[in-house]
Every structure is written in C-alpha cells, then in structure tokens.
Amino acid sequence: MSAQTPIRAAGVVLLRDREGQQEFLVVHRPGREDWSLPKGKLTSGEHVVTAAVRECDEESGFTPLLQAPLPMQSYSVASRPKVVNYWRARVRAEEGFAPDDEVDQIRWVPTGEASGLLTYPSEVRLVDHAVAMPDTTPLVILRHTQAMKRAQFDGTVDADRPLTGKGRSQSRSLIPLLDAFGVVAVHASSARRCTETVTRFAKHLGVDVHLEPLLTEEGHEEDPRDAAARAIELAMTPEPLVLCTHRPVLPTILDSMAVALGVTLEDPRWVRAWTPKLPPGGFIVVHRAFTDEGQVRVVGVEEHTLYD
C-alpha cells in the first residue's frame, strides 16, 4: 500500500434531547488520553457508511441513525493523509456500554460545553455544525444492481430481465447501507431488475415493495411528464424511503426533484452528488427537513457506490 494512500475513517456526532436541552456523546480513549467523538478506521473492504454505524456502536453501545453528512476532516498521521467522514446522527438503539482498552468512559454533554471537554478544536466545530442542522428524513434514489445484459436475455419483455448473480449479491450489500439511514418504505420500478434489487431489503424491514410503473424505462418513455410528476410526489413524501429505478430514467427524476425541492445544481454543496451517472447499485441520499406546515428544504446530499 502506498504511503500516500489515505487512511479512511468514519464517525458521528450523536445527539439526543434531554430535559429541554440537546446533548452529544463523547468517548474517552485512555491510550490517547483524549475526549473525542465516536469514530474509527474502516476495516478492509468495509463501506464508510457501515463503518460509521459500527464504530459508534462498538465505542459507546449506542446504535446511531445517520442523518445529514458533516464536513469531511483531513489531516496527517505519521506523514500519511487521513480522511474522516462524519454524520449528524440520532440514537436508534442502546445496546449498553462496555468499557475496554480502547474506550473506558462515555459521557453525554450539553452541546454548549463542547469546547470545554473535546480535545480537538476540529471536533468542536463539527458539534457546532451538527447542532445548527435540523433533523432530517432521507430520500434514497437508487439505481438497480447489475442485471443480465439485453443481448444475453432471450425473453420477449425487457422488463422481465433479471439480476445476475453479482447483482443479487449487490442487493444483499445494500441492506446495511439503506438501513443505516433509517429507510422504512421501499418503492421500485415494476421492472424485475428493480424489484429484485430491493426485495431483500424490504423483507429485512418486513414491508412490501411499492411498485412504480411510471418509473420503468417503458413508462418513462411513454410519458416522461407523468414520470416527473410521480417523482415529485415521492420527493415531497415525508416518509424515509428508497426509490429504485433505471439509469435512463434518472435524469428526469433528478431534474424534477431538484425543482420541487429547491436544489440549485450549481450549489457546490451537492453539485457532485446530484448525478444521474450512478453505477449499478449506486445511490443518492437526499436529506430533507420538513416543517409542521409541510414545507421542505434540502439540508444535505450525498452519493455512494457499493464500494465506498
């Protein structure tokens, strides 16, 4: 491995509301004699999203629900670059803290006291950033996983084209990634390759897959305006959901959702993530904040492949 290959790590700013004030979680690492946010290095082949969840769970006993991404942190360790991806997060479950040699204490701290306890000023800034953000609801736009090639399919209806063996494996890999963001509703183009992509995840949740015939390749080609209208309806639905569709349909979906959600595509915060050029199994997470009046705004956008 090159000395310049970045060390990858992931962590969270885990928040909770307690007796009228907001608190965040810190961990004490005796080996470094510091107080820091839950974080740690990716294991070999691990996805950055699942690493953030795992590290928080291992270090604190709390399972996080990932919300909007926070600014990535970059620094050097022994002359080698290190990058750490962070997310704002809420408590999803409590498994119980078990001290060990890596982390011997955890503490919930009022957010206003971050600078008085955290060892690293960069992490204080992350807490301030997270506190300034609202709670969000995810909208995941997913391209189906690897499907059989058209030239190799001997059926008469392209919508019946199935996933390959690799595509099925990819669909299983999606389960912890989608689950990390708290997705609870599953929508998919009614084409077989899309429904097969999300069926395992829907089974994991114990829910049905909502079929979207307007968002198949054929439905989109027949009436792109109806496809756009349906995409807007889903974008404005305040339920945490995933929509699985096709590469040729993604430009219409993203363009219509951008207008509905007020996303300015020139905005540097999400211009790179708001892309229809997703590989099989790639997905975009749109973090939306809804008001009591039903208004919605986008707080963050991130794009992932299966191999981040």
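Started with α8. Its buried residues pack against β8 (137–143), α6 (217–222), α7, β11 (241–245), β12 (283–290) and β13 (296–304). Helices and strands here are DSSP runs numbered from the N terminus, helices being H or I with at least four residues and strands E with at least two. Contact means heavy atoms within 4.5 Å.

Before going on, I noted that this is a predicted model, where local features need pLDDT of at least 70 and side-chain atom pairs count only at pLDDT 80 or more, while totals for chains, interfaces and linings use all residues. Residues are numbered from 1 along each chain as its sequence is written, and side-chain values use heavy atoms, with hydrogens and water left out.

Which residues of α8 are buried? I listed Leu250, Thr252, Ile253, Leu254, Ser256, Met257, Ala258 and Leu261. Buried means under 20% relative accessible area, exposed over 50%, and partly exposed in between, with a 1.4 Å probe and protein chains only. I also checked the length: α8 has 12 residues and reaches 16 Å from its first C-alpha to its last, close to the 16 Å expected at 1.5 Å a residue. The expected span is 1.5 Å times one less than the number of residues. After α8 comes Gly262, with a positive phi near 75 degrees.

Next, α7 (residues 224–235) against α8 (residues 250–261). They pack at an angle of about 50 degrees, with their axes 8 Å apart. That angle makes α7 oblique to α8. Axes are lines fitted to C-alpha atoms, for helices over the stretch in contact, and angles run from 0 to 180 degrees between N-to-C directions. Under 35 degrees counts as roughly parallel, over 145 as roughly antiparallel, 65 to 115 as roughly perpendicular, and the rest as oblique.

I looked up who meets whom: Pro224, Ala228, Ala231, Ile232 and Ala235 in α7 meet Thr252, Ile253, Ser256, Met257, Ala260 and Leu261 in α8. The residues of this contact divide into nine nonpolar, two polar and no charged. For the classes, Ala, Val, Leu, Ile, Met, Phe, Trp, Tyr, Cys and Pro count as nonpolar, Asp, Glu, Lys and Arg as charged, and the others, Gly among them, as polar.

Then α4 (residues 165–180) with α5 (residues 192–205). Their angle is about 45 degrees and their axes are 8 Å apart, so α4 and α5 are oblique to each other. α4 passes α5 in a right-handed crossing. The α4 side includes Arg168 and Asp179, and the α5 side includes Glu196 and Arg200. By class, I have five nonpolar, three polar and five charged residues in this contact.

Last pair: α1 and α4. They pack at about 60 degrees with axes 9 Å apart, and their crossing is left-handed. Val49, Thr50 and Val53 in α1 meet Pro176, Leu177 and Ala180 in α4. That contact has five nonpolar residues, one polar and no charged. As for α1 itself, 10 of its 13 residues are buried.

Is Ala191 buried or exposed? At 0% relative accessibility, Ala191 counts as buried. Ala191 sits in the loop between β9 (185–189) and α5. Not counting residues up to four places away in sequence, Ala191 touches Ala159, Thr216 and His246.

Terms used:
A crossing is left-handed if the near helix is turned anticlockwise from the far one by less than a right angle, and right-handed if clockwise.
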